[in-house]
Amino acid sequence: MESQVRGGTRWKRFALVMVPSVAATAAVGVGLAQGALAASFSVSGQQFKVSAQHLEGWGFAQYGGLDTTYTSTEGGKKVQRPVAISSFDRAEITKMCQSVKTEIPLIGKSVYLRLEAGPSEDRKVEAKNLYIDVAQLEADATFEDIDIGVAAGDLTRGPEVKDRSVKDGAFAQQARKADLTKVEQTAWATSAGTFKLSGLNMRLGTDPKMECF
């Protein structure tokens, strides 16, 4: 694998995000910073899963960060969790699925919320100024005009970094375009300037098969 490549590069099952632990991120030189969303709201104590058949994004940037989350759905205590903040100026997503599992002690079962959108190539999910705080991701990925190891303070691609404290010399990467297929990711939070969900379908149930993966 080349450390820096100009043009199109494809990495099978590319680990787009850094391993979500302080020791691991320190080992690869990722500068942890204030998370993408911590400045605007507290993140819930639950991760959620997102899958997509195809994600095509323009103006991509990524760097390490911390989200301030509750330790559980009970609220109360908060902790900081390492995340990889992936951002896009604009993204189009085909066959997106989002699911979250919630334990309901009163009924002794888990309840699953599943949301689906972007059912076809002519009815995609569309997002602008998209931020995803990711704990884990797997995908087949192709990047165009990619820079790996650029200083976070010198990023020239991706949406503006607002309301967070990012060290200028922290490790980051950027690309003119990112093309991901067979996406499976676990995330703590997502935010966007606009988020258009064509063909939105949302449902609740107790069947574990309702999870996206």
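How many disulfides are there, if a disulfide is a pair of cysteine sulfur atoms within 2.5 Å? The count comes to one disulfide. Before you click, know that this is a predicted model, where local features need pLDDT of at least 70, side-chain atom pairs count only at pLDDT 80 or more, and totals for chains, interfaces and linings use all residues. Residues are numbered from 1 along each chain as its sequence is written, and side-chain values use heavy atoms, with hydrogens and water left out.

Select Cys97 and Cys212: their sulfur atoms sit 2.0 Å apart and form the disulfide. This pair links distant parts of the chain, 115 residues apart, with Cys97 in strand E3 (residues 78-104) and Cys212 in the segment after strand E8 (201-205). Strands here are DSSP runs (E, at least two residues), numbered from the N terminus. The torsion about the S-S bond is about -85 degrees, so the disulfide is left-handed.

Buried or exposed: which is Cys97? Cys97 is buried, because its relative accessible area is 5%, and buried means under 20% (1.4 Å probe, protein chains only). Cys212 is buried as well, at 16%.

Now show E3 and its partners; two strands pair if DSSP finds at least two bridges between them.

- Strand E2 (residues 48-70) pairs with E3 in the antiparallel sense over 20 bridges; find Lys49 opposite Ser99.
- Strand E5 (residues 125-151) pairs with E3 in the antiparallel sense over nine bridges; click Phe88 and its bridge partner Leu130.
- Strand E4 (residues 109-117) pairs with E3 in the antiparallel sense over nine bridges; Val100 has Leu113 as its bridge partner.

Last stop: Gly108, in the hairpin of E3 and E4, takes a positive phi near 65 degrees.

Methods:
Disulfide = S-S within 2.5 Å. Helix = DSSP H or I, 4+ residues; strand = E, 2+ residues; numbered from the N terminus. Buried < 20%, exposed > 50% of the residue type's maximum accessible area, 1.4 Å probe, protein only.
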